[in-house]
Amino acid sequence: MGTNKLQALSSIESVLIRLGIAGIFLFETTLTIVLPPYSLKPLIKQIAFIGARSLLVIVVAGLFVGMVIALQFYDTLVRFGSVSLLGSAVGLSLIRELGPVLTALMVIGRSGSAMCAEIGIMRVDNQIDALECMAIDPYRYLFAPRILAGIICVPILTAIFILVGIFGGYFVGVVLFGVSPGSYFQGMSDTVLNRDLFMGFSKSLVFGLLIVWIACDKGFNLHLDKHGAYGSEGVSRITTEAVVLSSIAVLFSDYLLSALIL
Amino acid sequence: MIDPKIKNVIEIKGLDTWYGSKQILSNISLHVERKEVMVIMGHSGSGKSTLLRHMIGLNNPASGSIKLLGKEITGLKSNELYELRKHIGVAFQNGALFSSMTLQENVELPLHEHTKLDHNTIRIMSRLKLELMNLSDNEDLMPAELSGGMLKRAGLARAVIMDPEILFFDEPSAGLDPVTSAELDDLILQLRDALNMTIIVVTHELVSAFKIADRITVIDNGQQIITGDKETIKKSTDPRIVNMLERRAMNDDIDADDYLNKLTRN
Ligand SMILES: Nc1ncnc2c1ncn2[C@@H]1O[C@H](COP(=O)(O)OP(=O)(O)OP(=O)(O)O)[C@@H](O)[C@H]1O
Ligand SMILES: [Mg+2]
């Protein structure tokens, strides 16, 4: 029994240490974001990397999600005779929950995983050591533009997802089921409050940070991972871990933020 | 900031280091003088690369002191370490080129990051170094399109682009044909004589070591066996050195039972 307790303690300890390392990672990166010199070019490159990679899937996913929730809500609302609420139902669910969360999950799949693998390969191949030997700070050179691009791109992609989703809902509700277009948009603009917009926006901001933070930290600290191989197998392992971890982090913080703001 | 007259550009005293519970280096003490080529020899896994990583502050020792250009680097703040590293160049065993950049972009990166030179000047400087490494026809290729020998020379070109005072070179000749590796040896001597660099080379190629070295340090199993000039090494009577010079396998006589136990252990 004593050894079990000890094992549990030491695994809690190692989790806490790992969290501390991730915290230091974010702190160091934030410092280089805040302190000069600033450079725009790498930031633009990363925005293109995250934005361009995910734009198409975001548009397609937004369209179908908007369509299917309009379909579901229409079927429910029609039983209560209140199809005029369709616009607000679609708008609210997209803005408050589905837009931020699904966009984040798409970005994890498209960009978070690629980013984690890229950094992990740089670690395994000594490229990060080489950067440090050239007196180039990896936090400034690699991570500052990526973190910034994450918190810029994910809110924008979320907005696109929501807009496309609203039009997907419009197509199903108004064009297919004949809800009046006026009531669709009027209902939406009547019920969506600033607080809802704020909730969607702050969620997407936090998700953007979480995704890039976890992906980059996992890749950068690959060598600290004591369980298992360090080479290319290590890269594939931490990439999977980063995808799972950031998805869970997104869903968990989604609940926290909803509870906090509501 | 750095004293240009300092005699020993590297001074290591009593360096011990561990990976987990395994001791990798024990009680290493050596110094490297300005403008000499110091070769670190030893067989695979003896801790040569680890020693190199300590000299440039990539690993932290368990105990001991390491002075780089007169400055103690154990426990140095990261911005001071970066300042110091602007005076060194490191060529890694595998080249460690950035795979998302062309050869030329790789070589130019330190200049873009650390100098305010204009684009054309930087281009000329990188072409000079690529020319020196015989790579000028390949400047637009990506690292994945280069051969092993080219990667090594490219890594070297990037390491010397800022004209460092000290160059670290891990395994210049491993995996190369004899002609290419002889060319690299000449290049190393050229860098010392023409550009006044202090050079630390890790290798296990005997011929190459004796061609380029001013002094040699031999490491075996994390122990420093000997440090001295070529004559000292040749005259050494230490059986491990004699074996190495005569390229004899270092098999101790093994007890048959021990050997069987070793093979069947689980
Ligand atoms: N990241 C690491 N974690 C744990 N052990 C390591 C690590 N890197 C190296 N080692 C161990 O340290 C010892 C020395 O390794 P090192 O790379 O310094 O050898 P080397 O002399 O450079 O060998 P080679 O000539 O093959 O390059 C080896 O036994 C190796 O297993
Ligand atoms: Mg080595």
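1. In this predicted model, a polar side-chain atom of Glu171(B) lies 3.1 Å from an oxygen atom of ligand 1, a polar contact being a pair of N or O atoms within 3.5 Å (within protein, one must be able to donate a hydrogen and the other to accept it, and residues adjacent in sequence count only if both atoms are side-chain atoms). The protein buries 62% of the 640 Å² that ligand 1 exposes when taken alone, with accessible areas from the Shrake-Rupley method and a 1.4 Å probe.

2. An N or O atom in the side chain of Lys48(B) is 2.7 Å from an oxygen atom of ligand 1, while for Gly47(B) a backbone N or O atom lies 3.0 Å from an oxygen atom of the ligand.

3. The shell around ligand 1 has 14 residues (a heavy atom within 4 Å), of which Ser44(B), Gly45(B), Lys48(B), Ser49(B) and Thr50(B) come nearest. Its largest share, 3 residues, comes from α1(B), helices being DSSP runs (H or I) of at least four residues, numbered from the N terminus.

4. The axes of helix α3 (residues 103–114) and helix α4 (residues 119–132), both of chain B, come within 9 Å and cross at roughly 120 degrees, where axes are lines fitted to C-alpha atoms over the stretch in contact and angles run from 0 to 180 degrees between N-to-C directions. α3(B) is therefore oblique to α4(B) (under 35 degrees is roughly parallel, over 145 roughly antiparallel, 65 to 115 roughly perpendicular and the rest oblique).

5. Residues are numbered from 1 along each chain as its sequence is written, and chains are lettered from A and ligands numbered from 1 in the order in which they are written. Local features need pLDDT of at least 70 and side-chain atom pairs count only at pLDDT 80 or more, whereas totals for chains, interfaces and linings use all residues, and side-chain values use heavy atoms, with hydrogens and water left out.

Key:
Helices (H or I, at least four residues) and strands (E, at least two) are DSSP runs, numbered from the N terminus.
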